[in-house]
Amino acid sequence: MTITAAFFIALLILFGALALPYSAILTGASWLLGAGILALAYFRLRAKLRAVLIIAGILCALGVAGWNLVLMPWANQPVASEVTHFNPDGETGRALVIYHPGRSDLQERAVTGFVEGLAAAGWRVDLTTASAQAPAPTGYDLLVLGAQSYTWAPAQPVQDYLRRAGDLNDLPVVAILSGLGETGPANDVMRDLIAAAGGSMAGLYNVWQLRPIERLYGTDDPFAAMRGVAESLTLTGGHG
Ligand SMILES: Cc1cc2nc3c(=O)[nH]c(=O)nc-3n(C[C@H](O)[C@H](O)[C@H](O)COP(=O)(O)O)c2cc1C
């Protein structure tokens, strides 16, 4: 095996390992390419074909590196903000809404719609972004988490918030997951995290940029969709 082939195989294995927590597909693709280069080096196939594969490998490795080392940290950067209070005289219960604002306004529109719906249903609502300074969900009757799906997992600041929150002691939790259109795996991660934190899943809702949500909520406007969901939210189990 040439030193060049060994170098690229090592690089692809490394990037595959870096992609592992985020994407089985990227990891698999990276390791498959490594295996392909290994096979070519072993069978000493024609130099041109080898060159094409090596260039493809470099592009792939750069793509995986860029995704994991630049795009993911950029998208997952926590944003700190003050707590905003809504409907302070509400008597239905106290709700805390924690969300990651992200790069577009999709999550914010969904979450503020949910807040408006809760307030209309008589909830006292506190709203803030997921950061180290966000309040713990102690003393609340409902926790609402708004997170983007970033590479098939909920936005990291919201995951971090849940881990920091400790035992939720059966607190009802609603999750709003936004994405381009593929939020299924992030939904599963969110359900697992809420269960692991001792929360009681009270609803999980998706809003998408590329897939219509009208079929789910009767409207394609994420604000109106989540306002409608919150207005008719019913909790069981003695909270709220
Ligand atoms: C690094 C990265 C990974 C993403 N992964 C997914 C994904 O797994 N599924 C999905 O539906 N959308 C994915 N998206 C799209 C975002 O979830 C979508 O644009 C979003 O809900 C709005 O995010 P934003 O507010 O940060 O723009 C991804 C976006 C970025 C930047």
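Which element gives the largest share of the shell around the ligand? I looked this up first. The answer is α3, with three residues.

**Ground rules.** I am working on a predicted model, in which local features need pLDDT of at least 70, side-chain atom pairs count only at pLDDT 80 or more, and totals for chains, interfaces and linings use all residues. Residues are numbered from 1 along each chain as its sequence is written.

The shell holds 20 residues, and Gly102, Arg103, Ser104, Ser178 and Gly179 come nearest. Two or more shell residues come from each of α3 (47–75), α4 and β5 (172–179). I took helices (H or I, at least four residues) and strands (E, at least two) as DSSP runs, numbered from the N terminus. I then sorted the shell by class, with Ala, Val, Leu, Ile, Met, Phe, Trp, Tyr, Cys and Pro as nonpolar, Asp, Glu, Lys and Arg as charged, and the others, Gly among them, as polar. That gave seven nonpolar, 11 polar and two charged residues. Both domain 1 (3–75) and domain 2 (84–231) supply at least three residues to this shell.

**Domains.** I used the bounds 3–75 for domain 1 and 84–231 for domain 2, which come from an automatic or database domain assignment. Taken over C-alpha atoms, the two centres are 37 Å apart. Four residues of domain 1 and six residues of domain 2 make the contact; two residues are in contact if their C-beta atoms, placed from the backbone, lie within 7 Å. On the domain 1 side I find three nonpolar residues, one polar and no charged.

**Whole chain.** I count eight helices and six strands in the protein chain. From the N terminus on, I read their order as α-α-α-β-β-α-β-β-α-β-α-β-α-α. The radius of gyration is 22 Å, well over the 18 Å that the globule rule gives for 240 residues, so the protein chain is more spread out than a compact globule. Here the radius is taken over C-alpha atoms, and the rule is 2.2 Å times the number of residues to the power 0.38. The C-alpha trace spans about 75 × 35 × 30 Å along its principal axes. I took the contacts between residues at least 6 apart in sequence, and 78% of them join residues at least 24 apart.

How many of the 240 residues count as buried? The figure I have is 40%. A residue is buried if 20 or more other C-beta atoms lie within 10 Å of its own, exposed if 12 or fewer, and partly exposed in between, with C-beta atoms placed from the backbone. A nonpolar core is a set of buried Ala, Val, Leu, Ile, Met, Phe, Trp, Tyr and Cys residues joined through C-beta atoms within 7 Å. The largest such core has 51 residues, of which Ala95, Val97, Ile98, Phe114, Val173, Ile176 and Met226 touch the most other members. Helix α4 (residues 106–120) gives this core its largest share, seven residues. Apart from this core lies another of 12 residues, including Ala5, Phe8, Phe15 and Leu26. I also listed the contacts of Ala95, leaving out residues up to four places away in sequence: Leu118, Trp123, Val125, Tyr140, Asp141, Leu142 and Val144.

**Single residues.** Is Thr112 buried or exposed? Thr112 is buried, with 21 other C-beta atoms within 10 Å, and sits in helix α4. Its C-alpha atom is 7.9 Å from that of Arg227, 115 residues apart along the chain.

Tyr217 lies in helix α7 (residues 214–217) and is partly exposed, with 19 other C-beta atoms within 10 Å. Not counting residues up to four places away in sequence, I find Tyr217 touching Ala225, Gly228 and Val229.

Phi is near 55° for Asn169, a positive value in a residue other than glycine. Phi of Asp170 is near 70°, again positive in a residue other than glycine. Asn169 is exposed, with 11 other C-beta atoms within 10 Å; Asp170 is exposed too, with 12.

Key:
Near = placed C-beta within 6 Å.
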